[in-house]
Amino acid sequence: MPAIAIIGGQWGDEGKGKIVDLLAEKADIVARFSGGNNAGHTVINEFGEFKLHLIPSGIFHSHVDCLIGNGVVINPRVLIAEIETLQERGIDVNRLFISDRAHLVMPYHILLDALEEDARGKNSIGTTRLGIGPAYTDKVARLGIRFGDLLNKDLFHKRLGPILNHKNAIITRVFGASPLSFDEIYQEYCNYADRLLPFIRETSLMVNEALEKGDTVLLEGAQGTMLDIDFGTYPYVTSSSSTAGGACLGIGISPRRIDKIIGVYKAYTTRVGGGPMPTELKDATGVMLREMGKEYGTTTGRPRRCGWFDSVATRFSARLNGFTGIALTKFDILDTLPTLKICTGYELDGSVLDNPPPNFATLEKCRPIWEEVPGWQSSTNHIRSFDDLPGEARQYVKRIEELVGCPVDLISVGPDREESIVVRPIL
Ligand code: IMP
């Protein structure tokens with residue numbers, strides 16, 4: 001079998017972790033390809049509840065190799081803590097591999113993320129302040145330090161010196177903050193290198209060799225299409241390519257290798273951080289969705305903004321990614337509602353838009369055009385077959401398929417692996 005990409009179709013937090021954990025049962029490799037520890041994937045299985053930020057959600061399956069690809073930016077301190085937590089809870093991490101081309105998140109990235117956000121004041125992006133944007137900035141500016149560089153401590157020493165001088169100049173002269181110490185960072189990162197050395201590999205080669213022999217590879221997305229650096233609600237986006245295109249770059253495979261692309265959509269919409277969100281509900285229904293869906297950030301704990309399903313944004317992401325199927329998550333959160341709304345278009349100055357406008361300020365002016373549909377008002381947690389869903393629930397799924405233009409393959413009706421309805425087998 002070839003590669004299957006699992007991509008967030010909204011603003012992140014769609015529940016990709018559960019879908020990957022479920023599909024990993026039949027996979028040989030699970031590979032992360034973008035983002036950093038700004039991502040938070042919650043997985044609930046027979047070992048308990050886990051919140052992963054960097055380690056792919058396939059780690060709970062003893063037959064699966066888990067790869068962190070070149071497109072990910074890695075904070076080694078966070079990665080080591082995650083490895084240790086898993087080990088303490090009896091999970092084998094010997095099948096974890098890190099790309100030698102993956103960039104490191106350095107202490108100055110974290111400091112600069114906070115200083116830049118503070119300087120933006122009321123126009124702040126609402127980043128996770130974990131240094132992700134500054135780490136990607138340095139990658140493109142050719143000022144990044146990669147895992148491979150750490151393997152040679154002399155080289156690391158030579159690279160860190162001028163880079164830190166440059167960063168300290170910005171930290172002190174632009175922001176008036178205190179400079180960071182070379183010796184402390186050098187020593188700290190040399191210790192991380194010693195600890196992580198056994199995990200470092202040329203992961204692109206590993207994936208390509210696995211695909212060549214017919215193994216199944218899951219490409220695990222982070223964040224969502226509407227947060228993508230190119231196609232998201234710029235500048236209120238993350239700094240990497242969270243789309244299917246990013247999967248090829250971030251792991252090092254040809255686009256020809258990807259056979260299926262699954263778009264993960266929450267059955268409603270959430271967003272954390274700043275930026276436009278046309279279907280946001282600032283009323284009691286929004287609060288109810290947040291409380292019933294436990295919509296608080298896995299990484300930052302921030303309350304998520306909640307709203308109805310937005311078929312303009314999701315149709316856009318389906319087209320951009322070429323989704324072959326949808327995994328619809330948190331379906332059960334809607335179980336008690338008497339009526340639901342779906343946004344079918346945006347109204348802007350008397351015109352109807354079928355596509356999100358590229359400019360965030362224009363998107364902020366768009367008003368959703370609602371279609372009201374009846375709720376099913378009964379529990380779906382225990383349902384395992386599409387035909388057993390109440391009629392209104394089936395109608396809701398069918399309407400989403402119609403509006404997005406893509407079939408629903410899987411419906412998640414609860415956080416546990418078993419709480420899933422397979423409409424069309426993905427693997
Ligand atoms: P950054 O990725 O930390 O630079 O944050 C940029 C924007 O992306 C902010 O609005 C964050 O809240 C958002 N973001 C980053 N990672 C995630 C995620 O995993 N889920 C949801 N939002 C995210």
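This is a predicted model: local features need pLDDT of at least 70, side-chain atom pairs count only at pLDDT 80 or more; totals for chains, interfaces and linings use all residues.
**A ligand and its surroundings**

Residues are numbered from 1 along each chain as its sequence is written, and side-chain values use heavy atoms, with hydrogens and water left out.

**The ligand**

- On the backbone, a polar atom of G126 sits 3.4 Å from a ligand oxygen. (A polar contact is a pair of N or O atoms within 3.5 Å.)
- On its own the ligand has 470 Å² of accessible area, and the protein covers 97% of that (Shrake-Rupley method, 1.4 Å probe).

**Two backbone spots**

- D13 turns up again here: its phi is positive, about 60°, although it is not a glycine.
- You'll find D13 in the loop between β1 (3-8) and α1 (16-23). (Helices are DSSP runs of H or I with at least four residues, strands are runs of E with at least two, and both are numbered from the N terminus.)
- From Y234 to P235 the peptide bond is cis, with omega near 5°; P235 belongs to the loop between β10 (217-220) and α9.

**The second largest pocket**

- This pocket holds about 230 Å³ of space, a volume filled by probe spheres set on the grid points, which are joined across faces, edges and corners.
- It has 14 lining residues, and G71, Y136, K139, S240 and S241 are the closest to its centre. (On a 1 Å grid over the protein atoms alone, a pocket is an open set of points where a 1.4 Å probe fits, with protein on both sides within 12 Å along at least five of seven lines; lining residues have an atom within 4 Å of a point.)
- Both α4 (132-140) and α9 (244-251) give two or more residues to the lining, and α4 gives the most, with four.
- By type, the lining has four nonpolar residues, nine polar and one charged.

**The whole protein**

- The protein has 13 helices and 20 strands.
- Its C-alpha trace spans about 65 × 50 × 40 Å along the principal axes.

Note on methods. A polar contact is a pair of N or O atoms within 3.5 Å; within protein, one must be able to donate a hydrogen and the other to accept it, and residues adjacent in sequence count only if both atoms are side-chain atoms. Ala, Val, Leu, Ile, Met, Phe, Trp, Tyr, Cys and Pro count as nonpolar, Asp, Glu, Lys and Arg as charged, and the others, Gly among them, as polar.
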